[in-house]
Amino acid sequence: MHPADADAIAGAPVASYTVVTIVLPFIWWAMLGAWGSRESRTLGTGSEEYKRVIAASLWLFGSMAIVAYALQIDLARGYVGTAFPIGTLGLISGRWVLRQHLSLERSRGRSTSKLLLVGGSAAMGHLVGALLSSPSAGYSPVAGYFTRNQEQRIDAAPELPLLFGNPTASSIQNAACAVGADAVAITTGVHLTPQTMRQLGWELAAANIGLILAPALTDIAGPRIHTQPVAGLPLIHVSTPKLTGGKRVAKRAFDVIGSSLLIIALSPILAAIALSVRISSPGPILYFQDRVGLRGSTFKMTKFRSMIPDADLELGQLLLAQGSENTPLFKVENDPRVTQIGRILRKYSLDELPQLFNVFLGSMSLVGPRPQREGEVALYDDAAQRRLYVQPGMSGLWQVSGRSNLTWEESIKLDLYYVENWSMAADFVILFRTFKAVFFSTGAV
């Protein structure tokens, strides 16, 4: 304890740390509840749960400091400085453990909120597909409700029960009660008047059933969405992150510093790999290939050679043989061109390490969509062209979400999500997840 903390102010009461230690967990528990950290919609997925835990903890100890100062209670800074980080870290760790258990439970169909979906077949199918692909979110569609009594189907879940009824609040509320729904999700494609929506909210609240609005927005991260009430209407503002100005400088500085440190730290490994490639098979140590980068510019991407010399000359024939020559993801299954040492390098992505020099020189970034060949870019549609809006990276969102086991459609969806929702925090998370993807290698990048 600091000497200044040991000297109580004359006449000021001294805090009993035994009493504080006993009472503090109960107050902390109440603060976590007040900040909604245990609400079902925040548990088990996303960062909101952790944000609320940290916010509640900051407010608790900030309030303690203010009260202690106002009442001239001698509460040692050392106690607060120890209890706050240890307690908060313990809470975060406990929530992470609980999240793993909850995710397992939800993957088995338990501990979920049952949803009645209301809307058009296309919008409803998109929502069902999104919910089924992310069971950890805790939503389980139990039925679809159509306001037009005609033949309808949901391709994403053909076995989902379908209900038909009037576009009225009472009809929807009765349907929700009939299927035992915990919440009603309203998607696009259904015509409900403002008065019906308001009445529906009242009736669902009376029946203790939640109301969820699912607008026609896709692949948009939470920080980009801002709600502004205007004359009783909740207007949703969707911002677009721009990699300009200070953000561009920060990302470039991070790339330069990060790549420099990694090159220095990994230099013995780089030398060992270079020697292994040299003695394992004839041909050069490094492999250079033209790739398409930022805004369609081309650059020489560097890798350790993992194939036989002149392997590119056989690519077209191999793609034709497996029927994927018109797919913008030139991957050959069980590639016969890969050398024995190359298979080891690819399994752990060690052949990609020379790209640290691409990052240092500015043609690539540590994190971003993977650069592709000109032939692949030529097959891009308008949506895929947005991959070129940011600097290509050594690692990206799709590499840590399945790597080469993903289809082209899944890969492009993840890359577009990254482009549309870029942030430095997301880059740190992707880099952290990259180590797991490499060490538990589920496919080569």
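Colleague: Let me start with a detail: does Glu105 count as buried or exposed?

Modeller: Keeping in mind that this is a predicted model, Glu105 counts as buried, because its relative accessibility is 16% and the cut-off for buried is under 20%.

Colleague: And where is Glu105 placed?

Modeller: Glu105 has its place in helix H4, and once its neighbours within four places in sequence are left aside, Glu105 is in contact with Arg110 and Ser111.

Colleague: OK, stepping back, how many helices and strands does the protein chain have?

Modeller: The secondary structure of the protein chain comes to 15 helices and 11 strands. Of its 445 residues, 39% count as buried, and the accessible surface comes to about 24,700 Å², with 63% of that belonging to carbon and sulfur atoms.

Colleague: What share of the contacts is between residues 24 or more positions apart?

Modeller: If you take the contacts in the protein chain with a separation of 6 or more, residues 24 or more positions apart account for 69% of them.

Colleague: Changing topic to charges, how many salt bridges does a search of the whole structure find?

Modeller: The search of the whole structure finds 11 salt bridges. One of them joins the side chains of Arg52 and Glu39, at 3.3 Å from N to O. Arg52 lies in helix H3 (residues 48-70) whereas Glu39 lies in the loop between H2 and H3, so this pair ties together parts that are 13 residues apart in sequence.

Colleague: What does Glu49 pair with?

Modeller: The side chain of Glu49 meets that of Arg95 in a salt bridge, with 3.0 Å from N to O. Since Glu49 is in helix H3 and Arg95 is in helix H4 (residues 77-107), the pair ties together parts that are 46 residues apart in sequence. Glu49 counts as buried at 1% relative accessibility, and Arg95 is buried too, with a relative accessible area of 9%.

Colleague: What about Lys300, which residue does its side chain meet in a salt bridge?

Modeller: Lys300 meets Asp290, again through the side chains, at 3.0 Å from N to O. Here the pair ties together parts that are 10 residues apart in sequence, because Lys300 lies in strand E9 (residues 298-304) and Asp290 in strand E8 (residues 286-292). Asp290 is partly exposed, with a relative accessible area of 38%. There is also a network in which Lys303, Asp351, Glu352 and Arg370 are joined by salt bridges that share partners.

Colleague: Now the helices: at what angle do the axes of H6 and H7 cross?

Modeller: The axes of helix H6 (residues 169-179) and helix H7 (residues 194-206) cross at roughly 35° and come within 8 Å. The crossing is right-handed.

Colleague: Which residues meet there?

Modeller: On the H6 side they are Ala169, Ser170, Ile172 and Gln173, and these meet Thr196, Gln199, Leu200, Glu203 and Leu204 in H7.

Colleague: Which residues form the nonpolar patch on the surface?

Modeller: That patch is formed by Val19, Ile22, Val23, Phe26 and Ile27, which together have about 480 Å² of accessible area. Val19 lies in helix H2 (residues 17-34), and Val19 counts as partly exposed because its relative accessibility is 47%.

Colleague: Last topic, the backbone: what is phi of Asn208 near?

Modeller: Phi of Asn208 is near 60°, which is a positive value in a residue other than glycine. As a general point, most residues other than glycine have a negative phi. Asn208 lies in the loop between H7 and strand E5 (210-213), and it counts as exposed at 71% relative accessibility.

Colleague: And what is the phi of Arg295, and where does Arg295 lie?

Modeller: Arg295 has a positive phi of about 55° although it is not a glycine. Arg295 lies in the loop between E8 and E9, and it is exposed, with a relative accessible area of 61%.

Definitions and conventions: Residues are numbered from 1 along each chain as its sequence is written. This is a predicted model: local features need pLDDT of at least 70, side-chain atom pairs count only at pLDDT 80 or more; totals for chains, interfaces and linings use all residues. Side-chain values use heavy atoms; hydrogens and water are left out. Patches are made of residues with over 30% relative accessible area and no salt bridge: like charges are joined within 9 Å, nonpolar side chains (Val, Leu, Ile, Met, Phe, Trp, Tyr) within 5 Å. Accessible areas come from the Shrake-Rupley method with a 1.4 Å probe; for residues, only the protein chains shown count as cover. A salt bridge is a side-chain nitrogen of Lys or Arg within 4 Å of a carboxyl oxygen of Asp or Glu. Helices (H or I, at least four residues) and strands (E, at least two) are DSSP runs, numbered from the N terminus. Buried means under 20% relative accessible area, exposed over 50%, partly exposed in between (1.4 Å probe, protein chains only). Axes are lines fitted to C-alpha atoms, for helices over the stretch in contact, and angles run from 0 to 180 degrees between N-to-C directions. A crossing is left-handed if the near helix is turned anticlockwise from the far one by less than a right angle, and right-handed if clockwise. Contact means heavy atoms within 4.5 Å.
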